Amino acid sequence: MNIFNYYRDKNVQLLEEMVANGELPAGLDYSRVKVEPPREAAHGDMATNAAMVLAKPAGKNPRQLGDLLVAKMKKLPEIREASVAGPGFVNFRLVNTEWSSVLIDILSAGVHYGDSKMGKGEKVNVEYVSVNPTGPMHAGHVRGAVIGDTLANLLEKSGFDVTREYYFNDAGTQVDVLARTAYLRYREALSENIGEVPEGLYPGDYMKDVGQALAKRDGKKWLGKDEKEWLVPIRDFSVRTMMDMIKQDLALIGITHEVFSNEREVVEGGTLDKVFKILQDMDLIYTGTLPPPKGKEMEDWEPAELTLFRSSKFGDSSDRPLKKRDGTWAYIMPDIAYHFDKIQRGYKWMINVLGKDHGNYLDKMRPAVAALSGGKARIDVMFCGMVKILKDGVPVKFSKRSGNIITLREMIEEVGADATRFFMLSRTPDSELEFDFAKVVEQTKDNPVFYVQYAHARCCSVLRNAKELWPDTDVSAAALAKTDVKRLNSEEELKLVRMMAGWPRYVESAAEAHEPHRVTIYLHDLASEFHAFWNKGSDDTTLRFLIEQDKELSPALVVFAGILWYAYPRGAEKYSDMDVPVVKADTSPVKTVPADPGGMEVPHQDSTVFDPLQKNPAAEIEKLLPAQEEPINKDVDIKPAKPGLKSPTKDVKSSPDKVEVPKVVVAKPAIAASGDVYVQLGSYHDMSAVKRDWEKLKKKFPDLFGTLDMKIEKVDLAGKGTYYRLQAGTTTADHAKEICAALKAAHSVGCIVVRK
RNA sequence: GCGCCCGUAGCUCAACUGGAUAGAGUGUUGGCCUCCGAAGCCAGAGGUUGUGGGUUCGACUCCCGCCGGGCGCACCA
């Protein structure tokens, strides 16, 4: 039960009484009336804005109306005090037993505390993860996965009928590449020497397992056969294997989808034609020519007759092609058909969790959904910000080429599922997030994960001690629900209780606003309140959880705190059986209290207790997008290797106790110190991007580039296409170095010194 | 150029979709262990919420204009 809603209804009831006896005019709209905890606890337990929002329609001034309401409220036995304050807030306090009875609610509801019927059983489809089956889940995917899953949990808890769905693409060229890679690894598994994985195939080692599995299942069946024969069966096998792998990975962080959909079924089921026909019948299809994209120099743009969908009728900026020039489907068509399928399955509300880089997905899909549902279905997209992975404070380079990806599995093994989930939820979804391996496992209070876990550990500790103190006492939630909680009435205790009473409000607001991170904020606040209460026990022994003379009362509070830990974003149903739903945390001390108090050594707060996975982290690329896997080789920015820098050799022998800080030696460039040097700032596929970036840079670093000119160097790299290199010059070698240093410091662009 | 998102303490972020004196952590200053876990707690200092207007009882929140940043803008996937 949400006690705030309860009193909101109570207030509305009072107002209705006032209407009934003529104090207020009839027909008032109460929908904006809210009851909330006041921002300042000193103001009271609860506050309502009723007088302010109803003043105008009621033809009274807010304070006048407030006074009327206060008079009514004061007659209620549950309300101890009420008054009008500020611009017209009505603040009120409840009698203590009202609060302490919340504890009984919590204990009897258990993990269902905070459930509500807000959603009224409405069907919602939450689609998230949706990683294509071409590789394992990696660190960049995790955030969207966690956010989507938690949102689904919250919606479910709030009374929606939620379906967790996963959609994967198994019909494009990517899965063919997957099949070819699998075939190669299959040959390898049958002891063929395959050498390096050729460009265009997936280089990762995970494909070895697929090859092995295939060899185990089919033996030498496919050796020497033509691709035409093996492509389809091996593709199916690989897709299945990869999906199994992904599902296992997801299970590691407690994510299970109910429905898996795939593109192939959509395509082969003929849905595309069906959807097209429907749109045609609605007269939303025509053949026409689109204007060229604005503001973007397109050298190779030429007008073409295309099959277009009148999406602009549904708020899109322009109509969109559904078929390519050659008559085949455009890539958005399967997605549209897939959403049609969802609509047909009865969803009026669909939520997609995507990476921020899919910027215009919603623009493209919303018109189609509107058209195909007759305006009855709604699609929302949550865009998740990027994750910057750091190891020991150093950004981790992410490159598929070298197979250097941090997989979800590695991440979980390193920091644990709970910490991962918590951390991924610690910021608003669309913001960028720094995920520092060292910080996540750091055991200090600047690690919110630990801070919350520590509070939980203390709860466990109390229960453990309670069992020791009173071996015969039942400390299960059910037993504690019978505790005489009315005796909990000190201000300190009630403060904690009020905090717990607020949980249902957080659940609702987080679900409504699609902001699962509010859960972690709540937990942090709750933990903070808990720690504060704990320490009060030092000054005042009557505020301890365990009071030897009073075994009935003591542990009750702890259990509530413990119950709320469930809120840790995981599925409620998984914890049906509970004393205290346990979140992973140390249940035993890892640091002992010294016998001689007064000089306890505490680790420095900035220090870490984490041993990094890799000691040779590479810098540079620092953003991870939950993006689609792609075969290597596409459009890679080609940069010459930096002169003078060798990759660190592994077998450098150095004694561990003599740690040498590696000296950064900047190799002296073999360039004369006169104006005969350019700095190369980037390399692009199209000319307009070069110009655009140059303008940007000039604006951003006027001091650096003010006097320099732009030079564009065109290069043809065999097999890789044409590149335009952006260079600035000429200048001296020293100045060039300065520029590069400054750019590096600003994390802006790469910078290479080149000769004239 | 167009569209979407963002700009809050020195730093990293909140602020319960319009509420009261904008809060936490970090850093800094001081205090608290004979006591349920001191990896904790308490207190001090730190702000014209990028900027200029508007809407109203009331704006970090909504609207408009600027400034600064991110992402997206193909018939590619």
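**Exercise 1. Place Val19 in the chain and list what Val19 touches.**

Begin with the secondary structure: Val19 lies in helix H1, residues 3-20, where helices (H or I, at least four residues) and strands (E, at least two) are DSSP runs numbered from the N terminus. The model is a predicted one, in which local features need pLDDT of at least 70 and side-chain atom pairs count only at pLDDT 80 or more, while totals for chains, interfaces and linings use all residues. Residues are numbered from 1 along each chain as its sequence is written, chains are lettered from A and ligands numbered from 1 in the order in which they are written, and side-chain values use heavy atoms, with hydrogens and water left out.

Next come the contacts, meaning heavy atoms within 4.5 Å: leaving aside residues up to four places away in sequence, Val19 touches Leu24, Pro25, Ala26, Leu28 and Tyr30.

**Exercise 2. Decide whether Glu78 is buried or exposed, and find its contacts.**

Glu78 is found in the loop that runs between helix H3 (62-73) and strand S3 (79-85). Its relative accessibility is 14%, and buried means under 20% relative accessible area, exposed over 50% and partly exposed in between (1.4 Å probe, protein chains only), so Glu78 counts as buried. Not counting residues up to four places away in sequence, Glu78 touches Tyr6, Tyr7, Lys10, Arg93, Leu94, Val95 and Glu98.

**Exercise 3. Classify the ring pair of Tyr166 and Phe260, then describe the surroundings of both residues.**

Rings of Phe, Tyr and Trp (its six-membered ring) pair if their centres lie within 6.5 Å, and planes under 30 degrees apart count as stacked, over 60 as edge-to-face and the rest as tilted. The count by this rule comes to 16 aromatic pairs. For Tyr166 and Phe260 the centres are 5.2 Å apart and the planes stand at 35°, so the pair is tilted. Tyr166 is in strand S6 (residues 161-168) and Phe260 in strand S7 (residues 259-262), 94 residues apart, and the pair thus links distant parts of the chain.

Tyr166 is buried, at a relative accessible area of 0%, whereas Phe260 is partly exposed, at 27%. Finally, Lys247 lies over the face of Phe260, 4.2 Å from the ring centre; a charge sits over a ring if NZ of Lys or CZ of Arg is within 6 Å of the ring centre and within 35 degrees of the ring normal.
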